[in-house]
Amino acid sequence: MDCLREIEGKQAHDPLFDKIMNKSSRRVFVPGPVIVGAGPSGLAVAACLKEKGFPSMVLERSSCIASLWQLKTYDRLRLHLPKQFCELPLMGFPSEFPTYPTKQQFIHYLETYARKFEIRPRFNETVSHAEYDKAIGFWRVKTVGKKLEETEYMCRWLVAATGENAEAVVPEIDGMGEFGGDIRHTSHYKSGEEFKSKKVLVVGCGNSGMEVCLDLCNYSAKPSLVVRDTVHVLPREMLGKSTFGLSMWLLKWLPMRLVDRFLLIVSRLMLGDTARLGLDRPELGPLELKNLSGKTPVLDVGTLAKIKSGDVKVCPGIKKLKRHTVEFLDGKMENFDAIILATGYKSNVPSWLKEGDMFEKDGFPKRPFPNGWRGECGLYAVGFTKRGILGASMDAKRIAEDIERYCRNEEAAPYDHHHRSVLLLKSSSSSPSP
Ligand SMILES: Cc1cc2nc3c(=O)[nH]c(=O)nc-3n(C[C@H](O)[C@H](O)[C@H](O)COP(=O)(O)OP(=O)(O)OC[C@H]3O[C@@H](n4cnc5c(N)ncnc54)[C@H](O)[C@@H]3O)c2cc1C
Ligand SMILES: NC(=O)C1=CN([C@@H]2O[C@H](COP(=O)(O)OP(=O)(O)OC[C@H]3O[C@@H](n4cnc5c(N)ncnc54)[C@H](OP(=O)(O)O)[C@@H]3O)[C@@H](O)[C@H]2O)C=CC1
Ligand SMILES: O=C(O)C(=O)Cc1c[nH]c2ccccc12
């Protein structure tokens with residue numbers, strides 16, 4: 001921690017820079033990595049670095065850690081995968097947590113994690129621009145604060161941890177401006193409480209859309225679900241084991257296609273023919289599809305029963321909206337009080353990272369898993385593997401090891417290199433290097 005305090009002491013306010021920029025802005029030199037985003041991924045990297053004795057600085061646009069979980073998820077949310085598959089490095093879940101921890105338990109775990117590793121992000125700082133300055137060998141990371149004040153952080157290493165869910169995907173639907181009822185994305189949906197006895201159209205049948213339908217039923221709203229494409233629905237558990245855990249275990253022994261065949265046979269026995277309910281399955285099996293496209297199978301937590309009972313109605317794609325009415329692609333019209341867009345999320349990396357080699361236009365690393373974590377010039381990415389928290393933990397460990405390796409080489413020959421910042425990097429509390 002001493003070292004972080006030292007960093008704060010070094011935040012030189014540069015009046016000349018202010019004058020040139022003609023605005024209130026300041027420049028901060030960071031003698032360690034800057035991590036953009038204080039979600040599970042950013043926290044994991046900060047913790048892995050801390051354990052090795054390296055301080056880092058975490059910049060977070062919102063006012064809390066894990067803002068996706070704290071501010072943008074619904075009340076009834078639990079982890080879909082058993083807890084052992086959602087742990088961050090260096091600290092497991094408490095043993096008293098249930099197999100599928102609740103959102104509150106998961107947030108509590110993350111808060112304990114941040115406290116344990118003394119991670120104190122700078123909140124309310126949105127990274128708006130990050131660029132490598134070749135001339136000096138540093139990343140220039142610009143942030144905008146709450147009062148629009150600007151800061152430029154200069155660092156040797158930059159870690160993108162802004163996540164796969166940084167911005168809501170809101171589709172353009174013909175007539176959207178005309179619709180008289182509430183239209184909102186699932187990131188603003190908390191519970192069915194405010195939709196009691198309302199007719200609600202849920203657009204999108206990923207894990208969010210399916211669970212929101214169930215939640216609406218439980219609050220005696222009347223949901224319909226727009227399914228425009230194929231989808232794999234699997235039971236969350238089969239043969240007394242979690243479907244995810246069982247799949248991972250089977251993959252150790254069997255080829256993916258065979259495991260997919262197994263998953264589909266057991267799903268058929270447990271759930272019946274989902275196509276009869278309007279949920280056609282994709283040609284590719286669930287694991288193969290996840291692996292090739294990143295599309296996550298839906299793990300059923302009770303929605304399918306509600307579809308079978310007719311409490312949730314399945315609809316085709318939307319053609320257009322009118323004041324109180326939705327016209328579907330099959331020509332049918334129906335009145336709705338509200339629309340919930342369960343249409344997913346996108347990465348925002350291209351909006352702030354000015355770099356051409358590491359990321360695709362869609363904000364995901366170009367190199368496929370498990371090699372997407374490392375770019376050039378001290379640039380890293382954590383949590384873009386489409387493999388949830390487990391994938392983020394793998395990235396985080398690799399990034400911290402890579403930075404450590406780099407620093408050890410530097411320590412061996414510190415004067416061979418003009419980036420002196422590494423010499424400032426070791427925290428006084430760390431153990432001596434071997
Ligand atoms: C509803 C839901 C349920 C999920 N359940 C599971 C699950 O059970 N198991 C699992 O493994 N995964 C799950 N996921 C996947 C999810 O991606 C991970 O749980 C996890 O939140 C990813 O962590 P992250 O840190 O990469 O991203 P996030 O949690 O999104 O954190 C990124 C942080 O970066 C900040 N940020 C973004 N842009 C900027 C910027 N320009 N400047 C500064 N800060 C910025 C954000 O405010 C945010 O706090 C779920 C996702 C959703 C949406
Ligand atoms: N408890 C848990 O663990 C939970 C985990 N999650 C995870 O969070 C992440 C995000 O999930 P989610 O929010 O469901 O987003 P997803 O991206 O998984 O799903 C979005 C869905 O919306 C559909 N869609 C997009 N645009 C349109 C449109 N214009 N018209 C009709 N349908 C449309 C997509 O269909 P198409 O395929 O046709 O594009 C897709 O089915 C996922 O990784 C998910 O697994 C979410 C909820 C709970
Ligand atoms: O909830 C998600 O989307 C995740 O990222 C975790 C996840 C759910 N199902 C999976 C199948 C393979 C890899 C990760 C997941």
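V203 has V226 as its bridge partner in β11. Two strands count as paired if DSSP finds at least two bridges between them. Strand β11 (residues 222–226) has four of its five residues buried, so the rest of the structure largely encloses it. Buried here means under 20% relative accessible area, with exposed over 50% and partly exposed in between (1.4 Å probe, protein chains only).

A quick word on what you're looking at: this is a predicted model, where local features need pLDDT of at least 70, side-chain atom pairs count only at pLDDT 80 or more, and totals for chains, interfaces and linings use all residues. Residues are numbered from 1 along each chain as its sequence is written, and side-chain values use heavy atoms, leaving out hydrogens and water. Helices (H or I, at least four residues) and strands (E, at least two) are DSSP runs, numbered from the N terminus.

Axes are lines fitted to C-alpha atoms, for helices over the stretch in contact, and angles run from 0 to 180 degrees between N-to-C directions.

| Helix pair | Angle | Axis distance |
|---|---|---|
| α3 (residues 40–51) and α5 (residues 103–116) | about 30° | 10 Å apart |
| α3 and α12 (residues 388–412) | roughly 35° | within 8 Å |

On the α3 side, P40, L43, A44 and A47 meet F106, L110, Y113 and A114 of α5, where contact means heavy atoms within 4.5 Å. By class, that contact has eight nonpolar, no polar and no charged residues.

With α12, α3 makes a right-handed crossing. Here S41, A44, V45, C48 and L49 of α3 touch A392, A396, K397, I399, A400 and I403 of α12.

Three strands line up as β17-β18-β19 in an open sheet with antiparallel pairing. β17 (318–321) and β19 (333–335) sit at the edges with a single partner strand each, so one side of each has no neighbour in the sheet. From one strand to the next, the twist averages 25°. Strand β18 (residues 325–328) pairs with β19 over three bridges, and E327 stands opposite M333 in β19.

Technical notes:
Chains lettered and ligands numbered in written order. Nonpolar A, V, L, I, M, F, W, Y, C, P; charged D, E, K, R; others polar. Left-handed = near helix turned anticlockwise from the far one by under 90°.
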